[in-house]
Amino acid sequence: MFKKVLIALFIFIISAVAAIFIAFEVKSAKNYSVINFDMTEEMKTADLELGKRIYTVRSGCIDCHGTDLSGKMVMDNGAMGKIYGANLTADKLKSWSDNEIARAIRYGVHKTNRSLNFMPSFDYVALSKSDIAALVKYIRSSAPVSDTRHANSFGPIAKMLSVFGKMPVMFPADVIDLNQDFASKPEEKVSFEFGQYLSNSCIGCHGDKFIGGKIPGGDPSWPEAKNIRLGANPVWTKEVFSQYLKTGISPTTKEVSRAPMPIWLLKEFNEIESESLWLYLSSLK
Ligand code: HEC
Ligand code: HEC
């Protein structure tokens, strides 16, 4: 009797694991189509310096794609897999059109129409067309670096979490509205509106209500993101916020915020960016 139960349990586990692996392969093979758009006009006036700023500071692309744009380790462990940011230099993207690069950034869809894996496009879908054009121009300006890396591979935990919808970053094209058109962009000056625009890059970790909590699809060792509805706590004056971005020392915990809070990027924010962000976040009670 006991033996039968064990055998049944064994068969059940094997089937469940097989089902998860098959579901993962099915999702990986799915093709996506997005709304029609054309970058030609915006590329003519694209601002290279702005592209560099978005890449290296505002959107943190540099964290996964590296200083020379040839790709960097994102995670490498048995549970999650070997995940590297793609090589964005001409060595890899020569055959991609501007539209295809824009589509990858915005909608998380590869040239071959599959969903990208582990590329947080939902953080970039709120960027304006001119910002995306600036990024494409910056990517195009990079020197080619030859690509010698293996393809990304995913561990059992990453597969399980993504099949159960607990890791949106694995199939970003699945969670983005692929018919969503480009957002308009407020002027780059100190304002509530510009702060709100910039705060889109905080949503991936702090949530769309900015109340923080467990970071979806994050490494299990990461701390929870904090509530950043700064208006709820009078300690967050404009000066304190700007000081926090420079040092990472939180006025609420008196400690340096731990990774993955990207202080190393946010300390590069200039006054326009920092003040605007504060104007917006401090309006949230
Ligand atoms: C959390 C890490 C991470 C961040 C941040 C990130 N990317 Fe990616 N990106 C990836 C990974 C991983 C891939 C490869 C996905 C694949 O091929 O399945 C990728 C793929 C791409 C691709 C498609 C190229 C290809 O060969 O797959 C483009 C273009 C791209 N990223 C641009 C950007 C830009 C621009 C930013 C910032 C606005 C950015 N990425 C931010 C991880 C990241
Ligand atoms: C990759 C994930 C990630 C992103 C992106 C991110 N944060 Fe954080 N943030 C965190 C985590 C995690 C903590 C908590 C760190 C700790 O507890 O040590 C944190 C803490 C903070 C704190 C400290 C709050 C307190 O009371 O101590 C502030 C303020 C903050 N983040 C603001 C921002 C802003 C503004 C942005 C966007 C411009 C942003 N964060 C983007 C993950 C992130």
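Modeller: Start with a term. A helix here is a DSSP run of H or I with at least four residues, and helices are numbered from the N terminus. Keep in mind that this is a predicted model.

Colleague: What makes residues 203-206 a helix, and what do they give to the shell around ligand 2?

Modeller: A helix needs at least four residues. Residues 203-206 are helix α11, and α11 gives the largest share of the shell around ligand 2, three residues. Among the 22 residues around ligand 2, C202, C205, S250, R258 and M261 come nearest. By class, that shell holds 13 nonpolar, seven polar and two charged residues.

Colleague: How do you know that the length of α1 agrees with its 28 residues?

Modeller: Count 1.5 Å a residue, and α1 (residues 2-29) should span 40 Å. Its end C-alpha atoms are 41 Å apart, so the two agree.

Colleague: Why is α1 called hardly covered?

Modeller: A buried residue has 20 or more other C-beta atoms within 10 Å of its own. Among the 28 residues of α1, the count that pass is zero, so α1 is hardly covered. Across the protein, buried residues make up 32% of the 285 residues.

Colleague: What makes a set of residues a nonpolar core?

Modeller: The members must be buried, of the listed nonpolar types, and joined through C-beta atoms within 7 Å. The largest such core has 40 residues, and I132, L135, V136 and I139 have the most contacts inside it. Two or more residues come from each of α3 (48-58), β2 (81-84), α6, α7 (129-140) and α8 (156-163). The largest share, seven residues, is from α7. Another core lies apart, with 14 residues, including Y197, I228, L230 and W278.

Colleague: Which residues does I132 touch, leaving aside neighbours within four places in sequence?

Modeller: I132 is in contact with A102, I105, R106 and L127.

Notes
Residues are numbered from 1 along each chain as its sequence is written. Chains are lettered from A and ligands numbered from 1 in the order in which they are written. This is a predicted model: local features need pLDDT of at least 70, side-chain atom pairs count only at pLDDT 80 or more; totals for chains, interfaces and linings use all residues. The expected span of a helix is 1.5 Å times one less than its number of residues. A residue is buried if 20 or more other C-beta atoms lie within 10 Å of its own, exposed if 12 or fewer, and partly exposed in between; C-beta atoms are placed from the backbone. Two residues are in contact if their C-beta atoms, placed from the backbone, lie within 7 Å. A residue is near a molecule or strand if its C-beta atom, placed from the backbone, lies within 6 Å of it. Ala, Val, Leu, Ile, Met, Phe, Trp, Tyr, Cys and Pro count as nonpolar, Asp, Glu, Lys and Arg as charged, and the others, Gly among them, as polar.
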